Amino acid sequence: GDPYAIPADNPWPNGGDARPEIWAYGLRNPWRFSFDRDTGDLYIGDVGQNQYEEIDVQPAGAQGGTNYGWNTREAMHCFRSNSCASDGFADPVAEYSHDDGCSVTGGMVYRGSAGPAGQ
């Protein structure tokens, strides 16, 4: 078989608005990601630029074509502007400022109670 193929259900399988390989866009620097073993959702740690880090989710049943907002927004905040349109962007499920940490690394989804929040 061919070593490389574009799935027919990709958002732009024939090109047009984006290259056929693109499934989602608007991520700045996704640094590790994982699939939730229970739901199949994809969790993405996206490293910010100036002030904010974010965690994004691509639901398992998504049709693709999701825009996570970079470089109009950094997490849920306007980037390089005091105001920006947010229509059409998927919001992160979590964000934090560089006051709390300066880089995000994606990891596994955990539903247990052990650890700092469960003690």
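**Criteria and assignments**

Mentor: Arg-73 has a relative accessible area of 4% and is buried. Please bear in mind that this is a predicted model, in which local features need pLDDT of at least 70, side-chain atom pairs count only at pLDDT 80 or more, and totals for chains, interfaces and linings use all residues. Residues are numbered from 1 along each chain as its sequence is written, and side-chain values use heavy atoms, with hydrogens and water left out.

Trainee: Why is Arg-73 called buried?

Mentor: Buried means under 20% relative accessible area, exposed over 50%, and partly exposed in between (1.4 Å probe, protein chains only). Arg-73 is at 4%, so the residue counts as buried.

Trainee: What does Arg-73 touch?

Mentor: Contact means heavy atoms within 4.5 Å. Leaving aside residues up to four places away in sequence, Arg-73 touches several residues, including Cys-78, Cys-84 and Ala-90. A polar atom of the Arg-73 side chain lies 3.4 Å from the backbone oxygen of Ala-90.

Trainee: How do you know that Cys-78 and Cys-84 form a disulfide?

Mentor: A disulfide is a pair of cysteine sulfur atoms within 2.5 Å. The S to S distance of Cys-78 and Cys-84 is 2.2 Å, and a disulfide joins them. A search of the whole structure finds one disulfide. The angle about the S-S bond is -90°, and the link is left-handed.

Trainee: How are Cys-78, Cys-84 and Cys-102 classed by accessibility?

Mentor: Cys-78, at 28%, is therefore partly exposed. Cys-84, at 26%, is likewise partly exposed. Cys-102 has 61% and is therefore exposed.

Trainee: What makes Gln-58 a buried residue?

Mentor: Its relative accessibility is 7%, so Gln-58 counts as buried. Gln-58 belongs to strand E4 (residues 52-58); helices (H or I, at least four residues) and strands (E, at least two) are DSSP runs, numbered from the N terminus.

Trainee: What makes the pair Gln-58 and Trp-23 a polar contact?

Mentor: A polar contact is a pair of N or O atoms within 3.5 Å; within protein, one must be able to donate a hydrogen and the other to accept it, and residues adjacent in sequence count only if both atoms are side-chain atoms. The side chains of Gln-58 and Trp-23 are joined at 3.3 Å.

Trainee: How do you know that E2 and E3 pair?

Mentor: Two strands pair if DSSP finds at least two bridges between them. Four bridges join E2 (residues 30-35) to E3 (residues 42-46), and the strands run antiparallel. Phe-35 stands opposite Leu-42 in E3.
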